[in-house]
Amino acid sequence: MTNFDDLEQELLGLEYPEIELETDDIKLILTLKKDYSKIKDLENRKKEFIKDINDFIDEFIATPEFEELMEYY
C-alpha cells in the first residue's frame with residue numbers, strides 16, 4: 001500500500017504549466033492542472049479548455065470572495 005504522506009509530498013512537488021495573460025485591466029496567471037494534450041483533436045481540445053474556463057468563472061462568481069473583490073475594487 002502506498003504511504004499517503006509520501007504521495008501527498010509527491011503531488012505537491014508536481015509542476016504545472018503556467019500561462020501569464022495581461023491586458024490594460026487585468027493580469028491573470030493560469031495554472032493548467034489538466035492535461036489537455038490527451039485530447040488529440042485540436043478543435044475538441046479548444047472546446048474542452050473553453051468549457052473548463054467558463055465553468056471556472058461561473059464557480060468563482062458564485063463565491064463570497066468574488067463579492068468581496070467587487071465591493072473592494
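1. Asp-52 lies in helix α2. Leaving aside neighbours within four places in sequence, Asp-52 is in contact with Lys-34 and Tyr-36, contact meaning heavy atoms within 4.5 Å.

2. The model is predicted: local features need pLDDT of at least 70, side-chain atom pairs count only at pLDDT 80 or more, and totals for chains, interfaces and linings use all residues. Residues are numbered from 1 along each chain as its sequence is written, and side-chain values use heavy atoms, with hydrogens and water left out.

3. Helices and strands are named from DSSP runs (helices: H or I, at least four residues; strands: E, at least two), numbered from the N terminus. Strand β1 (residues 18-22) and β2 run antiparallel and are joined by five bridges; strands are said to pair if DSSP finds at least two bridges between them. The two strands β1 and β2 form a hairpin, with four residues between them. Leu-21 stands opposite Leu-28 in β2.

4. How many salt bridges does the count come to? The count comes to six salt bridges, a salt bridge being a side-chain nitrogen of Lys or Arg within 4 Å of a carboxyl oxygen of Asp or Glu. Side chains of opposite charge can pair when their charged atoms come close.

5. One of these salt bridges joins Glu-20 and Lys-27, whose closest N and O atoms are 3.2 Å apart. Lys-27 is exposed, with a relative accessible area of 51%; on this scale buried means under 20% relative accessible area, exposed over 50%, and partly exposed in between (1.4 Å probe, protein chains only).

6. Glu-48 and Lys-34 form a salt bridge in which the closest N and O atoms are 2.5 Å apart. This pair links distant parts of the chain, 14 residues apart: Glu-48 is in helix α2 (residues 42-61), and Lys-34 is in the loop between β2 (27-31) and α2. Glu-48 counts as partly exposed at 22% relative accessibility, as does Lys-34 at 37%. A network of salt bridges links Lys-34, Glu-48, Lys-51, Asp-52 and Asp-55.

7. Lys-46 and Glu-43 also meet through their side chains in a salt bridge (3.4 Å, N to O). Because they are three residues apart in helix α2, Lys-46 and Glu-43 are separated by about one helical turn. Lys-46 is partly exposed at 41% relative accessibility, and Glu-43 is partly exposed at 44%.

8. The largest pocket has a volume of about 640 Å³. On a 1 Å grid over the protein atoms alone, a pocket is an open set of points with protein on both sides within 12 Å along at least five of seven lines, and lining residues have an atom within 4 Å of a point. Grid points are joined across faces, edges and corners, and the volume is the space filled by probe spheres set on the points.

9. Which residues lie nearest the centre of the largest pocket? Of the 21 lining residues, these are Leu-28, Leu-30, Ile-53, Phe-56 and Ile-57. Helix α2 supplies the largest share of the lining, seven residues, while β2, α2 and α3 (64-72) each supply at least two. Ile-53 is in helix α2 and is partly exposed, with a relative accessible area of 27%. The C-alpha atoms of Ile-53 and Leu-30 are separated by 9.9 Å, the two residues being 23 residues apart along the chain.

Definitions and conventions:
1 Å grid on protein atoms, 1.4 Å probe; cavity = no way out; pocket = protein on both sides within 12 Å on 5 of 7 lines; lining within 4 Å.
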